[in-house]
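Subject: Structure handover

Hello,

Here is the structure I said I would pass on. Please open it first, then read the notes below it.

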Amino acid sequence: MEQSLSAQLDKYADLLVHKGCALQPGQELVLQAPVERADFARKVVRAAYAAGAGHVTVIWADDEVMRMEYQNVPLDYFQHTQPWKKAQLDGLAEAGAAFLFLEGRDPQALLGIDPAKPAAAARARNTECLSFRNGMDFGRNVWCIAGAPVAKWAQQVFPGLPADEAVLKLWDAILKVSRADGADPEAEWDRHNATFESNKRLLNGYAFDHLRYKSSNGTDFTLGMNPGHIWEGGAGHTQEGRAFFPNIPTEEVFTSPDRMRADGIVHSALPLVHAGQVVRDFWLRFEAGAVVEFDAAEGREVLEHILKTDENAMRLGECALISKDTPIRQSGILFYDTLYDENASCHLALGTGFPECLAGGLDMNKDELIAHGLNQSSTHVDFMIGSDDLSVTGVTASGEEVPVFVDGRWAWGK
Ligand code: ZN
């Protein structure tokens, strides 16, 4: 590792521990990391103990081991979480741990694998490890997703380069788009968060009844907002009010729309990468909140699989606004990873919505959330609709029309 990169990665590790996880003295940190990036994982562990961590648990991930597992183990194994795994995740969550997920994956790791297996594993974890899942969803546990390159990922993003060179180049891109390439990334994130706060204040002040999306690519779409909907973005907050960053990077201001009021057609602006497979040039037509028709130039069956995950997977759980003037969009890089690619443009997500995006939502159970218009599903898949000329108009309950996005950026110039 080059000396200058190593020093910058120390700053990145500090950013993840201090800002991403807001780690408290004595607290447990759970770090999930690719074994191939053990060098950086050790930097994070060092930063965590320097910040006073009580203990750090590392859960190693490896694409090749995972692939062999899916190739050799039958589907029924994945339909339930193993009791020891559930005890680990739920036990750590109940003890108040912070969870840091360091993503670095071969985008093609699951190519040719029966998609039912990873889908079953994710569904089992989300429905059975309830302390773990609800701890993060309901603001009891701090969590942060950030990235670190592995060779196969880097070579997909930068084809034709030798592995070492591609990894260095991807580190460079990750630091840049994560706003962690400067002298003081933590101060940079304080400034970044102030912009989020002002955009959220404006949107929450308008309390729109619905949004109208229009673009020359054919998008013509109306999306209802729930009474009491809340725009979130930037820092998240635990129930005690501690600020942390669930995603590094993040550029989105987002809320959960009314699950029963989406009408019209949306066209994709960027490819959707899901479980290693790519869906390109697709559109979805909605009626009364549900997808009633869809097609894709490539990967239609992947889209169909997502929509059929469960009974609510064809409804929307999120709408997010992101200016085209952000480092990720300007990098022009397709990262083949949602953490980055979802921050490239305005997007929607099929599947589950966020309780924190509804007034009182954190105190509601799943049935109450659904009754208040907030979708609940075992999946959540983002797809990009933010074309360069996208306009979004907010319409208040009294019919006042407010430009929110004009030509792909905030109408009020942030
Ligand atoms: Zn999003």
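At what angle do helix H5 and helix H7 pack, and how far apart are their axes? Bear in mind that this is a predicted model. Helix H5 covers residues 83-94 and helix H7 covers residues 130-137; the angle between them is about 40°, and their axes are 7 Å apart. Angles under 35 degrees would count as roughly parallel, so H5 is oblique to H7. On the H5 side the contact is made by Leu-89, Asp-90, Ala-93 and Glu-94, and on the H7 side by Leu-130, Ser-131 and Phe-132. Sorted by class, these are 4 nonpolar, 1 polar and 2 charged residues.

The other item is the zinc ion.

Which residues are its protein donors? They are Glu-252, Glu-318 and Glu-342, each through OE, and His-347 through NE2. Their distances from the zinc ion run from 1.9 to 2.6 Å. Along the chain, the donors follow the spacing E-x65-E-x23-E-x4-H. Glu-318 and Glu-342 link distant parts of the chain, 24 residues apart. Glu-318 sits in strand E15 (residues 316-321), whereas Glu-342 is in the loop between helix H13 (338-341) and strand E16 (347-351).

Are these two residues, Glu-318 and Glu-342, buried or exposed? Glu-318 has a relative accessible area of 1%, so it is buried. Glu-342, at 5%, is buried too.

Why is the arrangement around the zinc ion irregular? The 4 donor atoms subtend angles of 81 to 163°. To count as tetrahedral, four donors need all angles between 85 and 135 degrees, so this arrangement is irregular.

Regards

Note on methods:
Residues numbered from 1 in each chain as written. Predicted model: local features only at pLDDT ≥ 70, side-chain atom pairs only at ≥ 80, totals over all residues. Heavy atoms only, no water. Donors = N, O, S within 2.8 Å, 3.2 Å for Na, K, Ca; no water. Tetrahedral: all angles 85-135°; square planar, octahedral: opposite > 155°, others 65-115°. Helix = DSSP H or I, 4+ residues; strand = E, 2+ residues; numbered from the N terminus. Buried < 20%, exposed > 50% of the residue type's maximum accessible area, 1.4 Å probe, protein only. Axes fitted to C-alpha atoms, helices over the stretch in contact; angles between N-to-C directions. Parallel < 35°, antiparallel > 145°, perpendicular 65-115°, else oblique. Contact = heavy atoms within 4.5 Å. Nonpolar A, V, L, I, M, F, W, Y, C, P; charged D, E, K, R; others polar.
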